[in-house]
Amino acid sequence: MTMDARATAVPADQNLTRSEERQVVLASTLGTVFEWYDFFIYGSLAVFMSSVLFPPDNPTAAVLASLGALAAGFVIRPIGAVVFGRIGDLVGRKYTFLITIVMMGGGTALIGFLPTYASVGHAAWISLVMLRLIQGLAVGGEYGGAVIYVAEHSRPDRRGLLTGWIQITSSVGLALSIAVIIGTQSVMSEADFKAWGWRAPFIISIAMLAFSIYVRARLHESPVFTRLKAERRLSRSPVRDTFARWSSLRLVLIALFGVTAGMGSTYFTGQFYVMIFMQQIARIDLQTSYTLMVIGLVIGAPAFVFFGWLSDRVGRKWLMMTGLVLSALCYRPMFSSLLEAANPQLVAATRSAPVTVHADTTSEACRFGLAAALLSSHGDHGKPCVQAKKLLIGSGINFSYAAPVDGQAVAMTVNGKTIAGYDAAAYRKALSEAGYPAKADPAKVSSAYIVFLLVVMTVIVAMVYGPVASFLVEVFPANIRYTALSFPYHIGAGIFGGFLPFFATYLSLAVGDVFAGLWYPVVICTVVAVIGSIMLPNRPQIEADH
């Protein structure tokens with residue numbers, strides 16, 4: 001069977017009324033919003049929690065380790081896709097995403113009760129990683145169940161529109177997580193939030209979990225799955241039928257490298273890494289960055305539904321490919337504009353007083369010290385080259401390399417003044433005298449322009465993400481759909497996208513350019529756009545299940 005003949009529709013005699021459609025979409029969407037809230041709440045607090053659950057003696061390494069814990073939840077997602085995809089294809093869509101929501105909500109609540117590094121040492125971050133792995137398994141099964149459930153209740157000419165409501169849930173869940181954080185911070189002091197208030201957004205999820213279980217339990221099984229079961233046409237081994245048969249595996253690979261790898265990269269750049277960039281590079285305070293992000297998400301989020309609807313009329317493929325190309329072309333200039341709007345004093349200092357790091361870049365300590373620091377619980381003391389680079393990039397400052405100063409492992413030159421060796425206090429003083437600010441000046445932050453850029457990024461993301469659910473549903477046959485759809489989606493989102501904040505931060509530190517990390521999504525989106533333009537069909541052919 002060709003890729004164009006894989007889709008499955010609900011037969012005409014089982015089409016739902018508009019009222020029934022709304023009930024299915026509302027119930028599925030609410031549960032998925034809360035599940036994404038659970039998954040993203042840690043990510044929204046990743047920079048802050050690096051100082052709570054990780055060793056405090058090396059802040060930059062702690063941030064990277066915190067992002068690594070975030071990535072751990074994404075790494076495990078493809079495994080969850082296979083495990084729960086198999087259950088969904090054997091047992092049913094409804095019961096599978098009931099299981100996943102309990103796992104996700106339970107994991108989130110338990111993070112709220114974790115002891116800090118100060119009280120239990122390394123057990124704090126080890127426990128965090130374990131809970132993030134549980135959450136990753138759960139979300140690996142959640143997404144496929146939700147979009148398939150809605151798609152199998154919808155007519156072909158409304159599938160993009162209705163699954164577009166599921167696509168909007170990730171951004172709404174992210175915005176909700178940030179809004180809860182802002183609300184929590186607004187009712188207590190900074191000291192109280194750091195001491196215990198950070199737990200509240202996690203513990204609040206218990207109420208969301210209870211409501212989600214209630215809503216999901218009231219749903220009926222998908223009519224497509226029910227019919228396949230009655231006709232004994234379910235796959236006996238969905239995993240084998242997906243990965244051991246070339247006809248199915250080929251579709252998985254085309255879906256992965258033709259769209260979902262790029263989807264994950266563009267999504268986590270425009271919806272997630274941008275928040276870390278505002279906090280770590282542009283040096284905007286947490287409250288302001290969260291507020292701007294929520295406003296941008298709320299304004300831009302309807303684009304997910306719009307592009308889902310538009311894909312019903314013009315086709316899925318070229319909308320998604322256009323979004324990938326725009327991501328590759330626009331991210332670098334948009335992030336540059338974002339930095340100038342957020343911290344013009346920093347940009348001006350970078351232009352007028354460029355920084356030079358004198359070091360032997362071929363030495364192991366300078367080239368690979370960052371990786372070693374991540375594996376060491378004692379940081380990178382004794383590696384002055386690495387410490388110097390971390391201080392600069394951690395302050396949002398670009399630098400270039402020059403030949404080492406005789407007898408020194410590292411030296412820094414700024415505004416004509418060279419400081420031999422690594423001396424954090426001396427570095428900061430010299431940078432301050434050269435005009436480099438420690439933080440963004442709130443009075444000079446162009447909030448309206450930043451919101452505009454965030455909205456544009458969200459719209460570009462929506463061009464890819466809005467149609468992708470209906471596209472994937474139409475690619476794979478119903479008897480292996482849960483397994484086959486979930487795997488490429490979660491490889492794309494969980495691996496290519498989930499590791500983006502970590503690798504983007506690492507690349508910036510290693511290269512000495514705060515924008516270097518953007519090469520990660522630019523290259524991936526470009527390659528995927530080329531493959532997708534060649535390999536993907538614009539309109540997979542719709543066929544009935546019976």
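Colleague: Let's start with one residue. Leaving out residues up to four places away in sequence, which residues does Ser 222 touch?
Modeller: Keep in mind that we're looking at a predicted model. Ser 222 sits in the loop between helix H11 (205–217) and H12. Not counting residues up to four places away in sequence, the ones Ser 222 touches are Arg 93, Tyr 149, Glu 152 and His 153.

Colleague: Is Ser 222 buried or exposed?
Modeller: The cut-off for buried is under 20% relative accessible area. Ser 222 has a relative accessible area of 0%, so this residue counts as buried.

Colleague: At the start of H12, which backbone nitrogen does a side-chain oxygen of Ser 222 reach?
Modeller: Ser 222 is in the loop that leads from helix H11 (205–217) to H12. From there, a side-chain oxygen of Ser 222 comes to within 3.2 Å of a backbone nitrogen at the start of H12, and that nitrogen belongs to Val 224.

Colleague: What are the buried residues of helix H12?
Modeller: H12 covers residues 223–230. Just after H12, Arg 232 takes a positive phi of about 55°. Within the helix, the buried residues are Pro 223, Val 224, Phe 225, Arg 227 and Leu 228.

Colleague: Let's zoom out. How many helices and strands does the chain have?
Modeller: The chain has 546 residues, of which 60% count as buried. Among contacts with a separation of 6 or more, 85% are between residues 24 or more positions apart. The secondary structure comes to 26 helices and six strands.

Colleague: Where does pLDDT stay under 50?
Modeller: The mean pLDDT of the chain is 84, and 89% of its residues reach 70 or more. One stretch under 50 has 52 contacts beyond four places in sequence in the model, while another has 28.

Colleague: Now the rings. What kind of aromatic pair do Tyr 267 and Tyr 465 form?
Modeller: A search of the whole structure turns up 21 aromatic pairs. For Tyr 267 and Tyr 465, the rings are 5.2 Å apart centre to centre, with 35° between the planes, and the pair is tilted.

Colleague: How many residues apart in sequence are the parts that this pair ties together?
Modeller: Both Tyr 267 and Tyr 465 are buried. Tyr 267 belongs to helix H14 (residues 246–280) and Tyr 465 to helix H23 (residues 447–475), so the parts that the pair ties together are apart in sequence by 198 residues.

Colleague: The charged end of Arg 332 sits over a ring; which residue's ring is that?
Modeller: The charged end of Arg 332 is 4.1 Å from the centre of the ring. The ring in question is that of Phe 515.

Colleague: What about Gly 136: which residues does it touch, not counting those up to four places away in sequence?
Modeller: Gly 136 lies in helix H7 (residues 123–151) and is buried, with a relative accessible area of 0%. Its C-alpha atom is 8.0 Å from that of Phe 39, 97 residues away along the chain. With residues up to four places away left out, Gly 136 touches Phe 39, Gly 73, Ile 76 and Arg 77.

Colleague: Last one: what separates the C-alpha atoms of Ala 529 and Gly 262?
Modeller: Ala 529 is in helix H26 (residues 519–535) and counts as buried at 6% relative accessibility. Beyond its neighbours within four places in sequence, Ala 529 is in contact with Met 321, Leu 324 and Val 325. Gly 262 is 267 residues from Ala 529 along the chain, and the separation of their C-alpha atoms is 7.5 Å.

How values were computed:
Residues numbered from 1 in each chain as written. Predicted model: local features only at pLDDT ≥ 70, side-chain atom pairs only at ≥ 80, totals over all residues. Heavy atoms only, no water. Buried < 20%, exposed > 50% of the residue type's maximum accessible area, 1.4 Å probe, protein only. Helix = DSSP H or I, 4+ residues; strand = E, 2+ residues; numbered from the N terminus. Polar contact = N/O pair within 3.5 Å; in protein donor to acceptor, adjacent residues only side chain to side chain. pLDDT = per-residue confidence, 0-100. Contact = heavy atoms within 4.5 Å. Phe/Tyr/Trp six-rings, centres within 6.5 Å; stacked < 30°, edge-to-face > 60°. Lys NZ or Arg CZ within 6 Å of the ring centre and 35° of its normal.
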